[in-house]
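Morning, everyone. Let me put the model on the screen and walk you through a few places in it.

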Amino acid sequence: MESREEETAVYQSEPAEHCEVNSRLERVLSDTRLSYFKRLQLASWIELKLLFRLAAPAVFVYLINNAMSLSTRIFCGHLGNLEFAAASLGNSGIQLLAYGLMLGMGSAVETLAGQAYGAQKYEMLGIYLQRATIVLTLTGLPLMMAYIFSKEILILLGESTAVASAAAIFVYGLIPQIFAYAVNFPIQKFLQSQSIVFPSACISACTLVLHLVLSWFAVYKLGMGLLGASLVLSISWWIIVAAQFVYILVSVRCKHTWTGLSMLAFSGIWEFLKLSAASAVMLCLETWYFQVLVLISGLLDNPELALDSLSVCMGISGILFMVSVGFNAAASVRVSNELGAGNPKSAEFSVVMVNLVSFIIAVILAGIVLALRHVISYAFTSGEAVADAVSELCPLLAITLILNGVQPVLSGVAVGCGWQAFVAYVNITCYYVVGIPLGYILGFKFNLGVKGIWSGMIGGTAMQTIVLLWTTFRTDWNKEVEKAKSRLDKWDDKKEPLLKNGM
């Protein structure tokens with residue numbers, strides 16, 4: 001029998017390819033010959049390498065994608081306060097409708113593809129990608145109506161005619177973006193489930209540079225204003241989609257998971273739609289939660305100042321939230337891969353590590369925001385009144401950032417396990433039964449304004465986070481492995497022929 005030193009050397013010398021799902025971590029966690037602290041040390045080292053190889057590029061991708069949207073609002077903000085308010089309202093009030101729905105429906109691919117990859121059913125990933133693209137594209141057609149009638153919708157919700165009219169112009173240019181989302185999110189989840197993230201990061205970085213140049217040219221040189229800014233944003237998203245799909249076609253890493261067009265993409269559409277709908281409800285309720293905060297704030301006295309100051313805070317939160325979203329993606333991939341591979345201890349350990357790392361980073365970022373609270377708004381707009389309002393909101397922003405260090409990661413765990421329907425009920429209760437009514441009472445009845453609205457909604461987020469923490473803590477990971485196997489058996493329709501001549 002090998003000594004402990006020899007066993008340790010074996011674990012440390014094994015390759016740790018991030019795209020490979022194997023039992024290395026599971027064996028370390030199960031090895032009773034090693035002391036508890038030695039197992040913890042070795043397992044932490046293995047998991048952190050796997051985690052950061054996934055999370056770091058994912059964070060970069062989400063930061064870049066968010067930076068494109070944010071830079072568009074900044075270009076509009078330098079046209080004037082009305083334009084900045086209009087772009088912020090159009091982005092947070094209408095555009096997030098499509099973003100939340102498409103991202104949520106795309107997470108069905110994340111669950112199925114991640115578990116299939118862990119179970120080495122590689123050919124199913126390409127089928128899930130095509131099936132999701134069909135479902136999301138069809139969903140985009142009715143969504144387009146909300147964009148077309150955005151002015152009437154915003155006025156009906158109580159926004160001023162001037163702001164609603166300007167926001168509608170901005171939203172019209174975002175219509176092509178709906179269908180870019182419909183293709184991008186399935187592709188994104190397809191690649192992430194295989195731990196292929198770095199190529200997407202490179203594509204997003206190059207696109208951001210091009211986006212900034214095109215936005216400057218359209219807004220300032222051609223004088224296209226709000227419409228030009230939003231059209232450029234739509235074009236940039238389509239560039240990302242095209243580049244990622246070309247990568248899938250030519251990459252050796254996708255040769256087993258993309259085998260060409262398949263008629264199976266058109267089978268089981270209804271079942272896939274139901275799973276996608278559960279995923280969409282879960283994530284939409286989260287995405288729309290702070291969208292409601294923006295809409296309610298537009299009903300306050302001096303709505304332009306309220307929207308501008310809140311938009312700055314939401315912009316900062318959105319940028320830093322992408323760090324948590326990157327860890328959300330890493331958590332989902334790690335958990336779904338390990339469950340698909342039949343490794344319950346590895347899945348549980350991954351959950352602990354990703355939450356701990358994300359929380360520590362969130363606390364650090366919150367401290368930086370508080371230190372810069374008096375000057376941070378000038379990156380968005382030059383108004384002194386806005387700067388003062390933002391400074392007052394920064395303590396609430398810091399609390400939100402800390403909560404966001406845990407809550408999105410737990411949602412990623414839920415996606416990896418396939419708990420979307422359960423989390424949807426939790427979100428309805430915590431966000432819409434508790435958070436929004438509490439925020440409305442504090443904001444309007446107690447005259448606390450934006451701070452009251454936001455404080456109430458933070459309460460809903462904290463409640464949701466506690467529920468998910470408790471649920472995750474009580475999870476039987478051996479049962480989750482069995483559920484993953486049952487889910488894969490249900491969705492395994494690889495037996496029909498594939499059309500080898502792909503796009």
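Start with E392: is E392 buried, partly exposed or exposed? At 51% relative accessibility, E392 counts as exposed. The cut-offs: buried is under 20% relative accessible area, exposed is over 50%, and partly exposed is in between, with a 1.4 Å probe and protein chains only.

Two notes on the source. This is a predicted model, where local features need pLDDT of at least 70 and side-chain atom pairs count only at pLDDT 80 or more, while totals for chains, interfaces and linings use all residues. Residues are numbered from 1 along each chain as its sequence is written, and side-chain values use heavy atoms, with hydrogens and water left out.

Back to E392. Its side chain meets that of K451 in a salt bridge, 3.9 Å from N to O. E392 sits in helix 14 (residues 384-404) and K451 in helix 17, so the pair ties together parts that are 59 residues apart in sequence. K451 is partly exposed, at 38% relative accessibility. By salt bridge I mean a side-chain nitrogen of Lys or Arg within 4 Å of a carboxyl oxygen of Asp or Glu. Helices here are DSSP runs of H or I, at least four residues, numbered from the N terminus.

How many salt bridges does the structure hold? Five. Take R334 and E47 next: their closest N and O atoms are 2.7 Å apart.

Now K483 and E480. Their salt bridge has its closest N and O atoms 3.5 Å apart. The two residues are three apart in helix 18 (residues 477-491), so about one helical turn separates them. An α-helix has 3.6 residues a turn, so residues three or four places apart point the same way. K483 is partly exposed at 45% relative accessibility. E480 is buried at 5%. As for networks, salt bridges that share partners join E47, R334 and E338 into one.

Stay in helix 17 for a moment. It covers residues 449-473, and T461 is in it. T461 is buried, with a relative accessible area of 4%. What does T461 touch, leaving aside neighbours within four places in sequence? Y289, F290, L403 and Y431. Contact here means heavy atoms within 4.5 Å.

On to helix 8, residues 175-192. It has 18 residues and reaches 26 Å from first C-alpha to last, close to the 26 Å expected at 1.5 Å a residue. That expected span is 1.5 Å times one less than the number of residues. Where does helix 8 bend? At Y181, by about 25 degrees. The bend is the angle between axes fitted to the seven residues ending there and the seven starting there. Helix 8 is mostly covered, with 17 of its 18 residues buried.

Last stop, the surface. A nonpolar patch there includes L79, W216, F217 and M224, and its members together have about 860 Å² of accessible area. Patch residues have over 30% relative accessible area and no salt bridge; nonpolar side chains (Val, Leu, Ile, Met, Phe, Trp, Tyr) are joined within 5 Å, like charges within 9 Å. Areas come from the Shrake-Rupley method with a 1.4 Å probe, and for residues only the protein chains shown count as cover. Helix 7 (161-172), helix 9 (198-221) and helix 10 (225-250) each supply at least two residues. Helix 9 gives the most, three. M224 lies in the loop between helix 9 and helix 10, and is partly exposed at 37% relative accessibility.
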